[in-house]
Amino acid sequence: TYWERIDDDIKTSNSPAITGDGIQLGEQVHADLVDMGMIQMLPTCDPETGALFTGLQVPPANFLMVNQEGKRFVNEFGTRDEISKAAIANGSLFYLIADDEIKKTAYNTSQEKIDQQVEDGTLYRADTIGELAEQIGVDPSVLEETVATYNSYVEKGEDPDFHKNAFDLKVEVAPFYATPRKPAVHHTMGGLKIDTDAHVINQDGEIIKGLYAAGEVAGGVHAGNRLGGNALADIFTYGRIAGKNASQEA
């Protein structure tokens, strides 16, 4: 399989209302399914909810990622698949480590939100790296060494361990932050089989009269992995085709 392991309780970055109902409805009229095993992960999601914008979610040039031992395990500037696979191989849960300067580049946040998340226990903050390590349950000396080594790579602009090639910030200005993250399901490439007119195709390869599909409920459009932005192109294109053909059939 493409993914080494997918936990049964894995979260999704999408709406909790998206539960595959359209695919199940198609199955009731014997629609064929394609690419159902093709799942795209987003690595930097909230471990409890799958949400994208909790914690300090920032451009990857500005933080380092550590596993549950407090060690780097991947190029933070790598692809979604690369980081997701590495995270899964390291037990899924990992942390984004950053310093106070990170707030200047953080998405969708404020000091008030940061303080609230620290109070809620979804974001960790400490005045020293050692104290931060204790909060996330790792050996302080390990995390301190990891941060010191990473800072030296930022100075040199070169990462001999994981070959990260984009650096903006060191981790040196207190207070320090750790944002827990886990990969979550972000997009499913599989779904109902359709033709280029957006007709749904049954298991005998025939058009199911009056049934059309577009968007993520349809499969086969993106093959094994979706390119960024193509989900919008997909729904705009096939949504229009499906609507136009359905209106003509009516």
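Strand β2 (residues 39–45) is joined to strand β6 by five bridges, and the two run antiparallel; helices (H or I, at least four residues) and strands (E, at least two) are DSSP runs, numbered from the N terminus, and two strands pair if DSSP finds at least two bridges between them. The model is predicted, with local features needing pLDDT of at least 70 and side-chain atom pairs counting only at pLDDT 80 or more, whereas totals for chains, interfaces and linings use all residues. Residues are numbered from 1 along each chain as its sequence is written, and side-chain values use heavy atoms, with hydrogens and water left out.

Within β6, Lys-182 is the bridge partner of Cys-45. Strand β5 (residues 124–126) also pairs with β6 in the antiparallel sense, over three bridges, and here Tyr-124 stands opposite Ala-178. Eleven of the 13 residues of β6 are buried, so this strand is largely enclosed by the rest of the structure; buried means under 20% relative accessible area, exposed over 50%, and partly exposed in between (1.4 Å probe, protein chains only).

Strand β4 is joined to β6 (residues 176–188) by five bridges in an antiparallel arrangement, in which Ala-98 stands opposite Tyr-177 and Leu-96 has Thr-179 as its bridge partner. Leu-96 also stands opposite Met-65, in keeping with the antiparallel pairing of β4 with strand β3 (residues 64–66) over three bridges. Because five of the five residues of β4 (residues 94–98) are buried, β4 is largely enclosed by the rest of the structure. Phe-94, Leu-96 and Ala-98 point one way from this strand, while Tyr-95 and Ile-97 point the other way, and all are buried.
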